[in-house]
Amino acid sequence: MDASRDPDLSTIGIERSKTLYHMLKDLAITEIYSTSYKRTMQTVQPIADSLGISISLYNPQDLTGFAQILKEKSGVILVSGHSNTTPKVTSLLLDSEVASINEDEYDNLFIITSAATNPVLTKLRYPSFY
């Protein structure tokens, strides 16, 4: 990460993006959401390109509205977020608090199944060699 407000992914971030692609490429992802920041877009771009899916933007200032939109959808939806948005959206989807993420953590992956009916959270982390 550089000092700008909207940096590109770092070299390690690019590697994590490739790992995410390999982890998720065989899922039947139906939609991809991201904030408009370069690093969140670049994180999911390889998956979007391979599946031919456009990345839809969400407003990080209206996470309650975004969580409601997600609850009304079906399918496999990928959301690329930030340390201050991902726990909040996850909490809104689960209707319970989720631990915060430090601003310097880039290795969290939250998987929510059955978001509309009986949400279950699985939290994964990228391998420690990143």
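Me: What should I keep in mind about the model and its numbering?
Reply: Residues are numbered from 1 along each chain as its sequence is written, and side-chain values use heavy atoms, leaving out hydrogens and water. As the model is predicted, local features need pLDDT of at least 70 and side-chain atom pairs count only at pLDDT 80 or more, while totals for chains, interfaces and linings use all residues.

Me: At what angle do helix α1 and helix α2 pack?
Reply: Two packed helices are described by the angle between their axes and the distance between the axes. Here α1 (residues 11-24) and α2 (residues 38-51) pack at about 40°, with axes 8 Å apart. That makes α1 oblique to α2 (angles under 35 degrees count as roughly parallel, over 145 as roughly antiparallel, 65 to 115 as roughly perpendicular and the rest as oblique).

Me: Which residues of α1 and α2 make the contact?
Reply: Contact means heavy atoms within 4.5 Å. On α1 they are S17, L20, Y21 and L24, and on α2 they are Q42, T43, V44, P46, I47 and S50.

Me: With which residue does K38 form a salt bridge?
Reply: Side chains of opposite charge can pair when their charged atoms come close. The rule asks for a side-chain nitrogen of Lys or Arg within 4 Å of a carboxyl oxygen of Asp or Glu. K38 pairs with D8, the closest N and O atoms being 3.9 Å apart. K38 lies in helix α2 and D8 in the segment before α1, so the pair ties together parts 30 residues apart in sequence.

Me: Which residues are linked in a network of salt bridges?
Reply: E105, D107 and R125 are; D107 and R125 have their closest N and O atoms 2.8 Å apart.

Note on methods: Axes fitted to C-alpha atoms, helices over the stretch in contact; angles between N-to-C directions. Helix = DSSP H or I, 4+ residues; strand = E, 2+ residues; numbered from the N terminus.
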